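This briefing summarises the overall fold and selected local features of one protein chain. The points are grouped by topic.

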Amino acid sequence: MTLVLSRQQLDRLVDSWLQAGTHVAGPVRVGPELILYQPLAASTDLLLDGFIRPANSIKQFIFPQHEKLYGYRLNGNRPELLQADPLVAPQVIVGARPCDAASLPILDHVFHWDYEDQFYIRRRLQTTVITLACRQFDEHCFCTSLGLGPESEQGSDVILFDLGDNRYEVRCLTEKGEALLAGQTEDVPADHGTVTGPPTRVDLDAVQQILAGDFENPVWQTATLRCLGCGACTYHCPTCHCFDIVDERAPDGGHRVRNWDTCQAAMFTMHASGHNPRSTQSQRQRQRIYHKYRIYPDKFGVVACTGCGNCTRNCPVSLGIRNVLGALQDAPAGAPTEAQP
């Protein structure tokens, strides 16, 4: 016997969570060809089929793009600090792709590292993630190259499997997931079958071996020549986490805020002296891939990539990590090549 939830039951649950003050997010169609993870106003906003994956990631609900850390106001010449509390209300993310949910355990490492980031930690604890196993993929997907797949459970509290008749097989993976759906499912015979994931498109062992000993490979220049430095790859990536902290001022005070940043911008490493240790776009692309596939694994034991393919889908010049890794794999050491779109 299998736990099953109908789409109608799921919609009723979403509406009941919203009415109870829970923040609920999921895939929403925001344009004819654009689907994004967005806050839901009602269950009718939730889109669960007919597309590969949203163009963004769920990290924005745990690690917001713009976040107030604290405020201050001026009493004459004397500043008074105003604490900014992280999200208090619980939140549920419905219909996340497994490659998005898998990013959360990866991000946990850096936000629990030498400093316990309470803003991230509190949001993470207050969030329940319901993933929907993938039934299709495109040429950009390479989750299987990272040891994941269309039914991966990492980072999920509940995973749903589409039974194809407006019903979903339900597998609760954590106590949070069990508590959220307690008494809401039916116990009936069901079989979601199996879904074959995308073919292995990156040899992870070979890539890490290349990164261990070919830092000056000319492929870094030739393969990334068309990069515009726009940062679309990092902003849509589930695991990129670079940020900047700035003050936003008003006449009587202001806020200190944390904003997403990107290692692909020239100003990211610009020194006050005017020197930039990564002065070319190829150096910045190299740094991004080294960080994900060599530095992060050396420090935390896990690659900072889930193979979602967003970096290529959202790149205006069809670059992305997989294409650069492919160019590195295909070229002899020291031989230049061109990354194929």
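**Two loop residues with positive phi**

N166 is located in the loop between β8 and β9 (167–172). The model is a predicted one, and in it N166 adopts a positive phi of about 65° although it is not a glycine. N166 is exposed, because its relative accessible area of 54% is over 50%.

- S318 likewise has a positive phi, here about 55°, and is not a glycine.
- The loop that holds S318 runs between α10 (310–313) and α11 (321–330).

**Overall architecture**

- The chain contains 11 helices and 12 strands.
- For 341 residues, a compact globule would have a radius of gyration near 20 Å, and the 22 Å of the chain agrees with this.
- Along the principal axes, the C-alpha atoms fill a box of roughly 65 × 60 × 40 Å.
- Of the 341 residues in the chain, 52% are buried.
- Considering contacts between residues at least 6 apart in sequence, 71% join residues at least 24 apart.

**Surface and charge**

- The accessible surface of the chain is about 16,100 Å², and carbon and sulfur atoms account for 51% of this area.
- There are 30 positive and 38 negative side chains in the chain.
- The centres of the positive and negative sets are 6 Å apart.

- Helix α3 (residues 103–111) is mostly covered, with 7 of its 9 residues buried.
- The buried residues of α3 are S103, L104, I106, L107, D108, V110 and F111.
- Packing against these buried residues are α2 (98–101), α4 (118–125), β7, β12 (253–260) and α9 (281–300).
- In α4, the buried residues include F119, Y120, I121, R123 and R124.
- The cover over the buried residues of α4 includes β4 (66–75), β6 (91–96), α3, β7, α5 (175–181) and β12.
- At the start of α4, a side-chain oxygen of D117 comes to within 3.1 Å of the backbone nitrogen of F119, and F119 is itself among the buried residues of α4.

**The buried loop residue S156**

- S156 lies in the loop that connects β7 (127–132) and β8 (158–162).
- S156 is buried, because its relative accessible area of 5% is under 20%.
- The side chains of S156 and T131 are joined by a polar contact of 2.9 Å.
- Apart from neighbours within four places in sequence, S156 is in contact with A101, V129, T131, L173 and T174.

**The exposed loop residue D191**

- D191 is found in the loop between β10 (186–188) and α6 (204–213).
- D191 is exposed, because its relative accessible area of 66% is over 50%.
- Not counting residues up to four places away in sequence, D191 touches L163 and E169.
- D191 and F161 are 30 residues apart along the chain, and their C-alpha atoms are separated by 9.1 Å.

Key. Residues are numbered from 1 along each chain as its sequence is written. This is a predicted model: local features need pLDDT of at least 70, side-chain atom pairs count only at pLDDT 80 or more; totals for chains, interfaces and linings use all residues. Side-chain values use heavy atoms; hydrogens and water are left out. Helices (H or I, at least four residues) and strands (E, at least two) are DSSP runs, numbered from the N terminus. The radius of gyration is taken over C-alpha atoms; the globule rule is 2.2 Å times the number of residues to the power 0.38. Buried means under 20% relative accessible area, exposed over 50%, partly exposed in between (1.4 Å probe, protein chains only). Contact means heavy atoms within 4.5 Å. Accessible areas come from the Shrake-Rupley method with a 1.4 Å probe; for residues, only the protein chains shown count as cover. Lys and Arg count as positive and Asp and Glu as negative; His and the chain ends are not counted. The place of a charge is taken as NZ of Lys, CZ of Arg, CG of Asp or CD of Glu. A polar contact is a pair of N or O atoms within 3.5 Å; within protein, one must be able to donate a hydrogen and the other to accept it, and residues adjacent in sequence count only if both atoms are side-chain atoms.
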